Amino acid sequence: MSELLQQYQCPGCGYCYGEAEGDDHEGYPPGFAFAELPDDFVCPDCAVRYKEDFLVVGSG
Amino acid sequence: MKTYSIDTPDAGHVTYTDHKRGWWMLSLANPLIPLVGIAGHGLTGSQLWLLVPLVMMFIMGPGLDWLFGEDENNPPEVLVPQLENDAYYRLLTYLTVPLHYLTFIAVAIWVGTQGLSWWAFIGLTVAAGFADGFAINTGHELGHKRTKLETWLAKIVLAVPAYGHFWIEHNRGHHRDVATPDDPASARMGESIYHFARREIPGAFDRAWMLEHERLCRKGVPVWSLQNEVLQSYIITVVLQVGLIAAFGWIMLPFLLIHNVFAWWVLTSANYIEHYGLLRDKQPDGKYERCQPHHSWNANHKYSNLLLFHLQRHSDHHANPTRRYQSLRHFPDLPSLPIGYYGMYVVAYIPALWFKIMDARLLALPHIKGDLNKINIDPAKRDAILARYGRASDDALSAQASHV
């Protein structure tokens, strides 16, 4: 399963959402899929970029 | 004077010297301005000295902006990582935090022990409120950073003006909604600062609480918990301000009330002028376009930028909110203010003067060119603005008003 987990990066500020680790501060547990993030998700660090702006930058 | 350099394959040897490097220490003087009044009063016995800090802020400040003029210097992008890693710059933001505490407590002691005349009490308290309003600016710079130390320092310094919810509301709310009718912290054309304050202050608190509530719900943590980052800062405020009441008695109540309200007012003033009337387009998918540089007003004035950690290079801040103050850039052809924030605050406090200066600037912006469809308009003033400047279609304005 782990090979399916991806890392997504904000193209503006570089914040990374890794599906393997989730984001504890934001309340997304390890394994929480990027696709499952709410549609109105914005970058937690810069709030400039929307969910659809994020780029896949690797797996894990 | 330190020079940064790098060798690159494309541009060769690139160097950059920050000519403002030493001058950034002025940011440390900003929180201390009220102490000038205390020192003068202590040395001469004249309470008139307690009015001097307000003169320094609102007469000397715009004067020095006018005298020293503007600075359009930018660091080369390739050297920004070096500039951002230079500990000197962040040390200044760290040092500003205890200085806000020093001034706040020193002023509390002075008004609590010196038996001041009512006008001197108010003058010094208002000056301390304005000085500690700039604690919100320090909290702003720190609160945008990713290190635990800096976010904690933001919470600690925001406790002085009792505005701990600011960095939550600002980072996750204002930056998301900026320059839209949805944002309580973006002023609308035709809206006076006094009207804006009644929308902005409660709106900021509501949005911060809602955002933190949502985050804690996702974590499965009760909202009334020590993990609540709004409450963390408020707890420090309660300890600090109740401690002052315990130490100096009930005279602290009017002091704290006036101090806190004026500190909030400083933020209201900054928010009011930073995005007045500017509007992001709504896309076909119902979302707003990403924040662009032309969605913020800017000032390049040296003096006020040095005191405010480059806050006035606001377009680059909104495009790149995690960028450190020393790296923020000037861009040509951006919405620009005629003078720095200190002067513009005074203009904002006289609505007729504000509208006269700023409505003309707003309508003349290259991306607006008098098109009212591209302006964030106060719905209550819509008819009057349309009658005066009307080049927008009623349909477009109705659509805009309907999602307010």
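In this predicted model, helix 2 and helix 6 of chain B run roughly antiparallel to each other, because their axes cross at roughly 155 degrees and angles over 145 count as roughly antiparallel. Helix 2 covers residues 33–44 of chain B, and helix 6 covers residues 118–143. Their axes come within 8 Å.

The residues that meet can be named. Helix 2 of chain B brings B:Ile33, B:Pro34 and B:Gly37. Helix 6 of chain B answers with B:Leu124, B:Ala127, B:Ala128 and B:Ala131. By class, this contact has six nonpolar residues, one polar and no charged.

Helix 6 of chain B also packs against helix 3 of chain B, residues 52–68. Here the angle is about 45 degrees and the axes are 8 Å apart. That makes the two helices oblique to each other. The crossing is left-handed. From helix 3 of chain B come B:Pro53, B:Leu54 and B:Met57. They meet B:Gly123, B:Val126, B:Ala127 and B:Phe130 in helix 6 of chain B. Six residues of this contact are nonpolar, one is polar and none is charged.

| Helix pair in chain B | Axis angle | Axis distance |
|---|---|---|
| Helix 2 and helix 6 | roughly 155 degrees | within 8 Å |
| Helix 3 and helix 6 | about 45 degrees | 8 Å |

Chain B also touches chain A. The contact takes 15 residues from chain B and twelve residues from chain A. On the chain B side, helix 8 (166–177) and helix 9 (193–219) are the elements that give two or more residues. Helix 8 of chain B gives the most, with four residues. The chain B side divides into three nonpolar, four polar and eight charged residues.

How values were computed
Residues are numbered from 1 along each chain as its sequence is written. Chains are lettered from A and ligands numbered from 1 in the order in which they are written. This is a predicted model: local features need pLDDT of at least 70, side-chain atom pairs count only at pLDDT 80 or more; totals for chains, interfaces and linings use all residues. Axes are lines fitted to C-alpha atoms, for helices over the stretch in contact, and angles run from 0 to 180 degrees between N-to-C directions. Angles under 35 degrees count as roughly parallel, over 145 as roughly antiparallel, 65 to 115 as roughly perpendicular and the rest as oblique. Two residues are in contact if their C-beta atoms, placed from the backbone, lie within 7 Å. Ala, Val, Leu, Ile, Met, Phe, Trp, Tyr, Cys and Pro count as nonpolar, Asp, Glu, Lys and Arg as charged, and the others, Gly among them, as polar. A crossing is left-handed if the near helix is turned anticlockwise from the far one by less than a right angle, and right-handed if clockwise.
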